[in-house]
Amino acid sequence: MHIMDSERTYIAHSHSVEDTQRLAASLVRYVQAQDVVLLDGDLGAGKTHFVQGIAHAMGIHDEVTSPTFTILLSYPGIDHNGASLTLNHFDLYRLDDPADLDDIGYWETLEGPGVSFIEWGHKFASCLPFDYLDISIDVIGEDDRVFTICACGDRARRLLAAWAQDEEARLTPSTSKNVR
Ligand SMILES: Nc1ncnc2c1ncn2[C@@H]1O[C@H](COP(=O)(O)OP(=O)(O)OP(=O)(O)O)[C@@H](O)[C@H]1O
Ligand SMILES: [Mg+2]
């Protein structure tokens, strides 16, 4: 059966924090307002370091740490063309009750004028956006990580198709059918 590029799962290998941040920077060339990226993987997998790479490429000079206790931190940044683009960085790890997300304006933030990255984004089924890029990070060695990337929704599929064409991203189509 012919599998369209836009439906593929992609893999990226990282051998260092710098690799991870380069991979993140390559994604910034394609993101736009209202894009949502879910980041999953064990404690210490590299989710926050990936977002640091995003922040750096968006011209954000603040130190980006995990918003573990606040759930959400937002930073004014710029997109690849130099236009304003807010970076929203969520971390759902310590969230006990997904209803609390209403208090911090979760849905309004996702639908607002920013791009959103959500650590532990799969924690609650009720928090899943309708359209998102799904990134899962596996630790395979002290500095080695495997990123497994797939898309849920039309916009995410277009985003991933564009990102996958970027030579610096070095995404390779996954040969495994059941990676998640
Ligand atoms: N290739 C790599 N990519 C990213 N981080 C790496 C890599 N190799 C080693 N590391 C280390 O792994 C750790 C990743 O920490 P980070 O805070 O980004 O993880 P996290 O997934 O956000 O964890 P948490 O769930 O606790 O928020 C850091 O100590 C970093 O130096
Ligand atoms: Mg983190």
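How many bridges join β3 to β4, and do these strands run parallel or antiparallel? Seven bridges join the two, which run antiparallel; strands here are DSSP E runs of at least two residues and helices H or I runs of at least four, numbered from the N terminus, and two strands pair if DSSP finds at least two bridges between them. The model is predicted, so local features need pLDDT of at least 70 and side-chain atom pairs pLDDT 80 or more, while totals for chains, interfaces and linings use all residues. Residues are numbered from 1 along each chain as its sequence is written, with chains lettered from A and ligands numbered from 1 in the order in which they are written.

On to the neighbouring pair: β4 and β5 run parallel, joined by six bridges, and Leu87 faces Val115 in β5.

Taken as a whole, the open sheet has eight strands in the order β3-β4-β5-β2-β6-β7-β1-β8, with mixed pairing. Its edge strands, β3 (72-78) and β8 (172-173), each pair on one side only. Helix α2 packs on the sheet, touching β2, β3, β4, β5 and β6; contact requires C-beta atoms, placed from the backbone, within 7 Å.

Turning to ligand 1, 18 residues surround it, the closest being Thr20, Gly46, Lys47, Thr48 and His49; a residue is near if its C-beta atom, placed from the backbone, lies within 6 Å. Helices α1 (17-28) and α2 (47-57) each supply at least two residues of this shell.

Conventions: Contact = placed C-beta atoms within 7 Å. Axes fitted to C-alpha atoms, helices over the stretch in contact; angles between N-to-C directions.
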